[in-house]
Amino acid sequence: MPTNREVYFQLLKENNKYLNKSVIISLLADASGFDDRMMLYSNFDREVKDTEHLFACVEQVRKGIPYQYVLGYSYFLGNKINVDKNVLIPRQETEQLTVDVLVYLKKAFTKDEVPVIADVCTGSGAIACALENEISTAKLYATDISQEALIVVKSNLKRTELLQGNLVDPLIEKGVKLDVLVCNPPYIEDETRIDEQVYKYEPHLALLAKPGTRCYEEIFKKAHLLMNEHYLMAFEIEDNMEKPLIKLMNKYLDGCTYRFHKDIYDKIRFLYIIK
Ligand SMILES: C[S@@+](CC[C@H](N)C(=O)[O-])C[C@H]1O[C@@H](n2cnc3c(N)ncnc32)[C@H](O)[C@@H]1O
């Protein structure tokens with residue numbers, strides 16, 4: 001049986017664009033049953049535990065299938081999140097959005113208070129999962145229009161109430177009043193901007209919207225039916241949306257302040273609306 005080190009360098013030599021260092025490490029860690037990459041590094045000269053499984057996964061990744069779909073999971077802020085082709089693979093930018101929401105929640109609420117929070121367009125449930133783990137007192141809701149996505153969400157969440165339907169509609173129908181809404185909706189209008197692998201394998205329902213501001217507009221329009229007097233609404237956005245979103249906020253939202261934040265690639269990526 002080959003060692004992890006031998007397989008690592010053998011795969012790297014292939015120069016396959018989908019088999020980069022980080023992906024190979026993830027595949028090797030999985031084949032040895034390690035959740036933590038550090039465990040792989042300290043066992044790098046040991047034999048690969050399950051070569052048959054490893055090479056079956058490598059074969060799919062070689063063809064371009066995202067390795068997270070091949071393995072059936074991804075990591076989001078340290079949480080292991082089940083994923084399949086019906087949900088978007090959680091992104092690093094969304095981790096930044098979630099951390100900003102957590103910082104707000106920890107400042108705005110004491111440990112005894114019960115903030116009411118919704119993750120709208122929850123997908124895999126990655127954001128709600130982080131909120132579950134970090135804000136133990138919170139009452140949490142997660143919504144998505146996709147029945148298939150909600151099956152995946154169920155496997156990732158323990159105490160969040162799941163609602164199927166269009167954007168915030170199921171929350172309004174239930175009479176929920178929110179302190180915090182966090183949402184990473186589909187927002188890409190021009191599909192030619194989407195990376196080839198993403199376009200081929202990730203769900204278009206999670207990516208595309210026409211116009212790109214469609215989901216934000218609908219949420220702003222209905223915010224008065226849903227949000228408490230004081231609130232935070234936190235959104236992931238595309239970098240060309242600043243002007244149209246300001247227009248929509250001026251049209252639909254009264255008495256709030258807003259801030260656009262950049263991601264680590266220096267692109268405007270987040271919108272925080274506070275009242
Ligand atoms: C960009 S993904 C975000 C997934 C997850 N929140 C994340 O950040 O990784 C958008 C999600 O919105 C859902 N979606 C699309 N249109 C919707 C709608 N009209 N109402 C509710 N959910 C919708 C998709 O099914 C998808 O799961």
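Ala, Val, Leu, Ile, Met, Phe, Trp, Tyr, Cys and Pro count as nonpolar, Asp, Glu, Lys and Arg as charged, and the others, Gly among them, as polar. By that scheme, the shell around the ligand holds 13 nonpolar, 8 polar and 1 charged residues.

This is a predicted model: local features need pLDDT of at least 70, side-chain atom pairs count only at pLDDT 80 or more, and totals for chains, interfaces and linings use all residues. Residues are numbered from 1 along each chain as its sequence is written.

**The ligand shell**

Which residues come nearest to the ligand? Of the 22 around it, they are Cys121, Gly123, Ile145, Asn184 and Ala206. A residue is near a molecule if its C-beta atom, placed from the backbone, lies within 6 Å of it. α7 (126-134), β4 (139-144) and α11 (204-207) each give at least two residues to the shell.

**The whole chain**

The chain has 13 helices and 9 strands. Helices (H or I, at least four residues) and strands (E, at least two) are DSSP runs, numbered from the N terminus. The radius of gyration, taken over C-alpha atoms, is 20 Å. Along its principal axes, the C-alpha trace spans about 65 × 45 × 35 Å.

Strands of a sheet pair through backbone hydrogen bonds, either parallel or antiparallel. Here, 7 strands form an open sheet in the order β5-β4-β3-β6-β7-β9-β8, with mixed pairing. Neighbouring strands are turned by 15° against each other on average, direction ignored. Axes are lines fitted to C-alpha atoms, for helices over the stretch in contact, and angles run from 0 to 180 degrees between N-to-C directions.

Helix α6 (residues 92-108) packs on this sheet and touches β6, β7 and β9 (268-274). The direction of α6 makes about 155° with that of β7.

**Two strand pairs**

Two strands pair if DSSP finds at least two bridges between them.

| Strands | Sense | Bridges |
|---|---|---|
| β6 (residues 178-183) and β7 (residues 227-236) | parallel | 5 bridges |
| β1 (residues 73-76) and β2 (residues 79-82) | antiparallel | 4 bridges |

Val180 has Leu232 of β7 as its bridge partner. Tyr75 is bridged to Lys80 in β2. The hairpin of β1 and β2 has 2 residues between the strands, and Leu77 takes a positive phi near 45° there.

Key
The radius of gyration is taken over C-alpha atoms; the globule rule is 2.2 Å times the number of residues to the power 0.38. Two residues are in contact if their C-beta atoms, placed from the backbone, lie within 7 Å.
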